[in-house]
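User: I want to go through this model in short questions and answers. Keep the answers brisk.

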Amino acid sequence: MRSKYMIVGSSHAALEAATAIRLIDADGTLTLLTRDAHLPYSPTILPYVVSGRSQPDNVVLRDQAYFNDNAIVFVPGATVVSIDPAQSSLRLASGDTWRYDRLLIATGAAPMLPPVRGLTDVPFHVLRSLDDAINLRQAMGQARSAIVLGAGLIGMHTAENMAKADIAVTVVELQSHALAGYFEPRASAIIERTFARNGISMLMGQTLRSVERKGDGCLATLADGQTIAADLLLLCTGVKPNIGFLNGSGIEVDTGILVDDLMRTNLPNIWAAGDVAQARGFWGGKVINGILPNAVGQGRIAGLGMADDAGVTPFAGVVPLNTYSFFGQQAISVGRGSTGSGFEIEECGNEADGVYRHIVLKDGQLVGIATINDFIDAGIMWQLILRGTDLSPVKAEFIANPQLTGRRLMSQTWR
Ligand SMILES: Cc1cc2nc3c(=O)[nH]c(=O)nc-3n(C[C@H](O)[C@H](O)[C@H](O)COP(=O)(O)OP(=O)(O)OC[C@H]3O[C@@H](n4cnc5c(N)ncnc54)[C@H](O)[C@@H]3O)c2cc1C
């Protein structure tokens with residue numbers, strides 16, 4: 001079997017690339033191979049599948065009619081196990097071989113399992129695929145207690161869903177505060193307090209030393225020696241790019257697949273995009289930025305390049321942007337925190353009322369802003385950072401009211 005354009009993966013980067021290819025080339029054979037058994041869906045919807053707000057059969061990003069109408073061969077249940085660039089071919093777990101002219105690797109990332117003694121002997125859950133979400137929802141129906149290991153966005157979202165389903169939840173986090181990748185300790189404290197008020201036990205600066213089986217669940221021993229029994233164990237301790245099948249292919253990898261600004265790997269006719277790709281960071285270096293807008297932007301660049309579009313704009317790096325709702329409250333994080341000298345930090349808020357704002361500036365430019373229950377238009381802050389807008393002339397005004405000042409600045413400069 002052969003395809004001019006071959007895409008491995010069926011999520012955001014893959015679908016965006018397929019769309020871009022079809023913009024330029026309506027006829028070239030185009031195939032999407034994915035190990036997932038389902039029609040494409042967004043992982044971002046999974047917390048809502050877990051909570052029951054979305055039904056699994058109602059979350060598809062593209063249906064079979066779309067693939068038929070766009071002459072795209074969609075092959076679910078197709079796990080790629082190796083790539084042979086010299087032969088321009090790849091092999092599936094089924095033993096089938098496909099040949100390609102141009103290949104995009106958009107295999108994303110998979111949950112990273114922590115080094116906890118006894119983990120392989122107990123039942124546990126992760127949340128990355130639709131099947132994971134379906135399994136977790138089913139398990140929640142039988143569970144009265146749960147441990148969530150990891151207080152990142154996925155862990156916190158799911159802990160909230162579990163608490164709302166009347167499950168007694170303990171969140172265990174190695175870092176000193178929750179959502180450490182997005183918020184400073186003072187901001188996280190507001191979120192942690194809200195979780196505690198809603199009956200969730202928040203154990204920060206802690207980790208699991210070991211787990212053992214107890215009935216249908218587990219007994220966990222923490223690093224400080226205390227033990228917790230739980231019917232359900234959910235691991236949310238980060239992700240790692242799906243690159244194992246590239247061993248021996250000659251495709252250059254670091255943490256992820258190394259790509260240039262056009263999403264090209266070191267080998268001809270092979271591109272990579274999304275959570276699997278290590279690309280230009282907005283502030284330098286080569287980074288993996290595991291968020292949806294990154295996957296979409298990179299997928300588009302890769303697809304246009306694969307179809308020989310001469311006008312493709314090189315990747316400039318992506319500024320992180322996350323909005324997070326918890327128990328009816330709102331947290332927003334755009335850009336990054338201070339990472340060394342030369343940063344100016346402005347904090348304000350009333351933690352008793354659950355309101356907080358943290359602004360990071362450098363050389364008169366905004367590099368990050370995070371707020372809790374203090375509405376800012378994340379898109380405007382994102383643009384101010386992306387454009388390197390000079391805030392020096394309006395600094396005091398911006399710090400006092402970033403929303404109004406940001407809006408005014410953007411209305412003057414938007415093009
Ligand atoms: C629960 C959850 C919530 C999230 N919420 C947000 C959010 O609110 N905002 C945000 O910006 N981001 C969020 N993210 C991150 C976002 O979903 C990812 O950044 C995005 O999905 C990355 O897209 P991707 O196409 O690179 O890879 P993925 O979405 O990881 O998809 C990878 C694809 O490759 C396939 N695949 C993998 N290995 C193989 C193989 N060997 N052979 C064949 N196919 C393979 C998979 O089946 C899948 O189709 C969330 C992620 C999760 C898990």
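**Sheet, domains and ligand shell**

User: How many bridges join β20 to strand β21?

Analyst: This is a predicted model: local features need pLDDT of at least 70, side-chain atom pairs count only at pLDDT 80 or more, and totals for chains, interfaces and linings use all residues. Residues are numbered from 1 along each chain as its sequence is written. Strands are DSSP runs (E, at least two residues), numbered from the N terminus, as are helices (H or I, at least four). β21 covers residues 329-335 and runs antiparallel to β20, and the number of bridges joining them is six.

User: What is the strand order of the open sheet?

Analyst: Two strands pair if DSSP finds at least two bridges between them. The sheet has five strands with antiparallel pairing, in the order β20-β21-β24-β23-β22.

User: Which are the edge strands, and what is the average twist from one strand to the next?

Analyst: An edge strand pairs on one side only, as do β20 (321-326) and β22 (343-350). Axes are lines fitted to C-alpha atoms, and angles run from 0 to 180 degrees between N-to-C directions. From one strand to the next, the twist averages 10°.

User: How far apart are the C-alpha centres of domain 2 and domain 3?

Analyst: Domain bounds come from an automatic or database domain assignment. The chain is divided into domain 1 (2-110 + 239-306), domain 2 (113-235) and domain 3 (321-413). Between the C-alpha centres of domain 2 and domain 3 the distance is 30 Å.

User: Which element gives the most to the side of domain 2 that touches domain 3?

Analyst: Contact means C-beta atoms, placed from the backbone, within 7 Å. By that rule, 13 residues of domain 2 are in contact with 15 residues of domain 3. Elements giving two or more residues to this side of domain 2 are α5 (153-164) and α6 (185-197). With six residues, the one that gives the most is α6.

User: How does that side of domain 2 divide by class?

Analyst: Ala, Val, Leu, Ile, Met, Phe, Trp, Tyr, Cys and Pro count as nonpolar; Asp, Glu, Lys and Arg as charged; the others, Gly among them, as polar. The division is eight nonpolar, two polar and three charged.

User: How many residues surround the ligand, and which element gives the most to the shell?

Analyst: The shell holds 33 residues, the closest being Gly9, Ser11, Gly108, Gly274 and Ile291. By class, it has 17 nonpolar, twelve polar and four charged residues. With three residues, the element that gives the most is α1.

How values were computed: Two residues are in contact if their C-beta atoms, placed from the backbone, lie within 7 Å. A residue is near a molecule or strand if its C-beta atom, placed from the backbone, lies within 6 Å of it.
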